[in-house]
Amino acid sequence: MEIIPYQFTLDDKKVTTYKLNFEGYKIMLDCGSNLLKREDFMDVDYIFISHAHLDHWIGLYENYKHLKKDCKIFATLTTKKLINAIVNDFLNGETNLSSHEKKQIRSIFMNIKEKYFEEPFACGELVFTLYPAGHMFGASMLYIEGKRTFLYTGDMDYVKGNKVRSYYFDASKRIDILLIDGTKLYTDSFKKTWISEIKKDIRERKFKNYRIYVKDKTKAVFYAFELAKEFDDRKIFYEGDLSNVNNILYEQGYDIYEKNRILSIKMMKSKYPRTISITSKSQEKAKYCETKLGLHISSDDIHEFIYQYARRAKVLIGHFDLDYYDKLSNDFKNFHFLQKEKVKIS
Ligand SMILES: [Zn+2]
């Protein structure tokens with residue numbers, strides 16, 4: 001078995017794409033790197049997209065021409081829908097592509113095969129199963145069963161009591177090789193700090209109308225959801241351009257309209273005394289701009305997950321944050337940080 005890791009960009013310390021040679025099949029685990037080239041795609045049999053964040057699939061948009069004819073791409077239905085919404089936004093603003101090229105790109109993304117959690121499906125001699133990754137709406141992990149078994153987590157999250165934000169894996173399954181994706185391995189609990197920071201800012205700065213700019217639409221929806229729970233005294237507004245993503249998530253069964261407290265900006269008929277509006281349109285006038293938001297698992301969760309499998313699994317981590325390296329090296333002997341080089345596993 002062989003894995004080639006690709007960083008997101010050259011200077012980035014996280015790996016967001018892996019090309020796996022597994023029992024004769026070439027499998028691309030996510031497809032987000034900006035470093036991917038024609039040669040990387042020519043022999044790929046399967047592409048798995050773990051979730052709709054750009055750094056996990058934008059390489060496919062850029063290399064759509066280089067796919068093998070029978071290459072199959074799969075993702076959860078939510079991920080497929082979210083990506084297609086983003087692709088449509090891109091293509092509507094794209095001036096350098098011909099209408100034929102746009103059509104080709106659309107058809108690649110429309111043809112992503114939608115898969116459901118815990119429903120195994122055959123890919124050649126291998127069996128693939130998706131499990132929830134908790135990281136964002138529709139995020140999934142990929143479990144591969146062949147002669148050996150392999151779990152790729154993608155970005156993952158675990159928030160107690162929050163189903164949408166918690167990964168799940170069937171603990172009775174064997175994992176021979178565990179590949180944990182390149183999340184930000186901060187030593188404190190990153191996911192707790194990002195949302196509390198903004199809540200604190202809203203409380204302390206006491207603006208009547210608070211405006212937040214978040215570029216990624218799914219994160220904007222997520223912000224709205226979290227803030228609606230926290231601030232009973234405020235109306236929460238989405239800007240109109242989030243409605244598309246909003247509808248997809250609603251269709252997919254996510255309860256994002258908590259108690260009807262989150263309103264589309266179009267519904268702002270009367271003047272509300274205290275509001276929080278969330279936009280992905282323009283940073284102007286925003287009191288808070290997303291600069292470092294990530295919905296990532298904390299180091300504690302990663303440790304817990306590795307501990308479950310460390311005794312027999314080979315553990316690979318798609319990240320090379322060297323501060324963290326020492327801590328992990330002490331706790332786990334059987335693991336390997338994937339950096340830029342190809343890794344062979346016998
Ligand atoms: Zn992500």
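How many bridges join strand β4 to β5, and in which sense do the two strands run? The count is 3, and β4 (residues 46–48) runs parallel to β5. The model is predicted.

**Strand β5 and its partners**
- Tyr46 has Lys72 of β5 as its bridge partner.
- Strand β6 (residues 113–115) also pairs with β5, through 3 bridges in the parallel sense.
- In that pairing, Lys115 of β6 stands opposite Thr76.

**The open sheet**
- An open sheet of 5 strands has the order β14-β13-β15-β12-β16, with parallel pairing.
- Its edges are β14 (262–264) and β16 (288–289), each of which pairs on one side only.
- Edge strand β16 is joined to β12 (residues 209–213) by 2 bridges, and these two strands run parallel.

**Helices α3 and α4**
- Helix α3 covers residues 77–93 and helix α4 covers residues 99–110.
- Their axes come within 10 Å and cross at roughly 170 degrees.
- Angles over 145 degrees count as roughly antiparallel, so α3 is roughly antiparallel to α4.
- On the α3 side, Ile83, Asn84, Val87 and Leu91 make the contact.
- On the α4 side, the contact residues are Lys102, Ile105, Arg106, Phe109 and Met110.
- By class, this contact has 6 nonpolar, 1 polar and 2 charged residues.

Technical notes
Residues are numbered from 1 along each chain as its sequence is written. This is a predicted model: local features need pLDDT of at least 70, side-chain atom pairs count only at pLDDT 80 or more; totals for chains, interfaces and linings use all residues. Two strands pair if DSSP finds at least two bridges between them. Helices (H or I, at least four residues) and strands (E, at least two) are DSSP runs, numbered from the N terminus. Axes are lines fitted to C-alpha atoms, for helices over the stretch in contact, and angles run from 0 to 180 degrees between N-to-C directions. Angles under 35 degrees count as roughly parallel, over 145 as roughly antiparallel, 65 to 115 as roughly perpendicular and the rest as oblique. Two residues are in contact if their C-beta atoms, placed from the backbone, lie within 7 Å. Ala, Val, Leu, Ile, Met, Phe, Trp, Tyr, Cys and Pro count as nonpolar, Asp, Glu, Lys and Arg as charged, and the others, Gly among them, as polar.
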